[in-house]
Amino acid sequence: PPGAGKGTQSPKIKDVFNACHLATGDMLRAQVREGTPLGLEAKKIMDAGGLVGDDIMVGMIQDNLKNNEACRSGFILDGFPRTVKQAEMLDKVLAKDKVTLDHAVEMIIDDSVLVERVEGRLIHQSSGRSYHTKFNPPKQHMKDDLTGEPLIKRSDDNAEALKKRLLSYHQQTKPVAEYYKKQGVYRKVDADQTPKAVWWSLLGIFGRQF
């Protein structure tokens, strides 16, 4: 669900496993920043807490898997697929290249915890790194730890939009867990822990020990 910690953990997975990190939300927000027609339309949908169309989302993923050199040794899909239809479309795209998913991980956390998480979230736009004013603050106020560049608060990170996003999540995304359970790749992690504890849980799933 939104605010569960995907944006915090995905960059770590990317670095450790040398995989590309494909966050469809970040891709769409890049389009918004650039003011493209797709970006303008996506902004209206995201600000209202809705989900962008399947063809657009799957098309962005397919383009990256084919043309992004960083995806050659593996990939992380952050917050995607969000619907069973997207999962089915993704399977068809991957099957053409004889690629299969190793794991589908769901971050489990109660809805009531997410409001505080989301309302305090801060983002470094160019990298997608995620911070939190209370739980994971940057070393310097409103500045990225690595670059010193300013952090931003997303327009849809508020309680009203979160309620709509959670409604969409429960109605459309929850069934994706059942879809991947049938495929035998579903795993779950208790996301209501410290980021470090969640990280070690993920490493256990991926079979990586240090």
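Predicted model: local features only at pLDDT ≥ 70, side-chain atom pairs only at ≥ 80, totals over all residues.

Modeller: H132 is found in strand β5. With a relative accessibility of 7%, H132 counts as buried, because the limit for a buried residue is under 20% relative accessible area. A polar atom of the H132 side chain lies 3.1 Å from the backbone nitrogen of F135. Once neighbours within four places in sequence are left aside, the residues in contact with H132 are E116, R117, G120, R121 and P137.

The side chain of R121 makes a polar contact of 2.9 Å with the side chain of D157. D157 lies in the loop between β5, residues 130-132, and α7, residues 159-183. Its relative accessible area is 2%, and D157 is therefore buried.

M142 belongs to the loop between β5 and α7 too. At 27% relative accessibility, M142 counts as partly exposed, whereas D157 is buried. The phi of M142 is positive, about 60 degrees, although M142 is not a glycine.

N18, in the loop between α1 (6-17) and β1, has a positive phi of about 55 degrees without being a glycine. N18 is exposed, its relative accessible area being 56%. In the loop between β2 and α5 (84-96) one finds P81. The peptide bond that joins F80 and P81 is cis, with omega about 0 degrees.

In helix α2, which comprises residues 24-34, the buried residues are T24, G25, M27, L28, R29 and A30. The cover over the buried residues of α2 includes β1 (20-23), α3 (37-47), α4 and β2 (75-78). After α2 comes G35, which has a positive phi near 70 degrees.

Helix α4, residues 54-67, contains N67. N67 is exposed, at a relative accessible area of 56%. The side chains of N67 and D63 are joined by a polar contact of 2.8 Å. An α-helix has 3.6 residues a turn, so residues three or four places apart point the same way.

The secondary structure of the protein comprises 8 helices and 6 strands, and from the N terminus the order of elements is α-β-α-α-α-β-α-β-α-β-β-α-β-α. The C-alpha trace spans about 45 × 45 × 35 Å along its principal axes. A compact globule of 210 residues would have a radius of gyration near 17 Å, and the protein agrees with this, at 17 Å. Of the 210 residues, 42% are buried. Among contacts between residues at least 6 apart in sequence, 69% join residues at least 24 apart. The protein exposes about 11500 Å², of which carbon and sulfur atoms supply 52%.

Notes:
Residues numbered from 1 in each chain as written. Heavy atoms only, no water. Helix = DSSP H or I, 4+ residues; strand = E, 2+ residues; numbered from the N terminus. Buried < 20%, exposed > 50% of the residue type's maximum accessible area, 1.4 Å probe, protein only. Polar contact = N/O pair within 3.5 Å; in protein donor to acceptor, adjacent residues only side chain to side chain. Rg over C-alpha atoms; globule rule 2.2 N^0.38 Å. Contact = heavy atoms within 4.5 Å. Areas by Shrake-Rupley, 256 points an atom, 1.4 Å probe, with all protein chains shown as cover.
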